[in-house]
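Open the model in your viewer and keep the selection panel to hand. The tour moves from one selection to the next.

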Amino acid sequence: MSSGDGSPVDHLHYRQLGQTDLHVSIIGFGASPLGDVFEVIDQEEGKRAVHMAVDEGINFFDVSPYYGRTLAEERLGAALQGRRHKVILGTKCGRYGASKFDFSAERIAVGVDESLIRLRTDYVDLLQVHDLEFGDLQQIVDETIPAMRRLQTQGKARYIGITGYPLAALQQVASALPVDVILSYCHYNLLADDLETTLAPFASTRGIGLINASPLHMGVLTEQGAPKWHPAPPEIHEAARRAADFCRSQGLDISQIALRFCFEYPRVATTLVGMSTQSQVKNSLSALRQPIDPAITQQVRSILAPVLNRTWPSGRPENSTPTALASLRSSQPIASAD
Ligand code: NAD
């Protein structure tokens, strides 16, 4: 099986992130679990997981001040001490709590300085707006992204990007003002594939790096199931249980099939897996190395087909309205760096 960029999907290889000079491993380390977002973790084991990932060649780490209200950044920064030069490090700005958002230029500038202290570094490779659909998109275009470009000029962030759940909002903002990278989550995995028809062609045409997050649909596609806060409607969880039961009956773990499915997708530079233990790092790598019988994957997809691409509301309602999105403009287009 080829990954589409010529490399077989049987080992960890690297892809250019859009037009940046960042070459990211096709498995990225999602650090939100380090902030006890899914469950309270063993901090020392989390550190060992980070070290194992680096040793195995996973070079892209994604975090945010929001994860565990700064805890994930603190823990990742500590774990990467002495290893920072080996990794590509991304964090975010604008979201600081479940309902705590501030996309103003002032807060973005202060937020980055705070993140750099916690991450024990003087720059991040990637700085992204965190969950833009919770903000005023016009402010994000007029104020937030220009502020991030200034931070880029100051050398605090090498590249900038946006993240969020509604694909149309991500696309409209990136159409109004160039960004280097877009991170989308829960739109390409066994439960969703609409990234392929919407954002992926757009990003490819514009030369924007695309990151796919949440290959396990934020824990739904696992044996233990999703955390209580998960926003998906019950029918998604029920279908995933049926799929997990089927996989078990075949002697397989649904998460391995789900990870493999994402790793084979060639139109994203990397897939971010949320990890906090060495066994999860090992499982991700083994999903890459061990092919799955396509007939099994097909059967799992059939079980999940009735809920494929079933979404949930996220952010301000107007940010999902086509007319409001279409009115988004940049008053002062700013050229993308590099
Ligand atoms: P995910 O789909 O990666 O699922 C994570 C859950 O699966 C955790 O409970 C983890 O313990 C468990 N898990 C991981 N590996 C496993 C394995 N091999 N077997 C069984 N269970 C396993 O969801 P996620 O963590 O939300 O997404 C990955 C990362 O992407 C995040 O950590 C974060 O860095 C990033 N992300 C960013 C945004 C955003 O910027 N808006 C949104 C979502 C995710």
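Start by selecting Ile-182. Beyond its neighbours within four places in sequence, Ile-182 is in contact (heavy atoms within 4.5 Å) with Ile-162, Leu-170, Ala-174, Leu-199, Phe-202, Ile-208, Gly-209, Leu-210 and Ile-211.

Before going on, note that this is a predicted model, in which local features need pLDDT of at least 70, side-chain atom pairs count only at pLDDT 80 or more, and totals for chains, interfaces and linings use all residues. Residues are numbered from 1 along each chain as its sequence is written, and side-chain values use heavy atoms, with hydrogens and water left out.

Buried means under 20% relative accessible area, exposed over 50%, partly exposed in between (1.4 Å probe, protein chains only). Helices (H or I, at least four residues) and strands (E, at least two) are DSSP runs, numbered from the N terminus.

**Helix H2.** Select residues 71-79. Ala-72, Glu-73, Arg-75, Leu-76, Gly-77 and Ala-79 are buried here. Their cover includes helix H1 (43-56), strand E4 (60-62), strand E5 (88-93) and helix H3 (105-119).

**Ala-49.** Step across to H1, where Ala-49 sits. Is Ala-49 buried or exposed? Its relative accessible area is 0%, so Ala-49 is buried. Leaving aside neighbours within four places in sequence, Ala-49 contacts Phe-29, Ser-276, Thr-277, Gln-278 and Val-281.

**Two backbone stops.** Most residues other than glycine have a negative phi. Pick Arg-120, in the loop between H3 and strand E8 (124-129). Arg-120 is not a glycine, yet has a positive phi of about 55°. Arg-120 is partly exposed, because its relative accessibility is 44%. Next, go to Met-218, in the loop between E11 and H7. Met-218 also has a positive phi of about 55°. At 14% relative accessible area, Met-218 is buried.

**Last stop.** Show strand E1 (14-16), helix H6 (199-206) and strand E11 (209-213): each supplies at least two residues of the lining of the second largest pocket. H6 gives the largest share, three residues.
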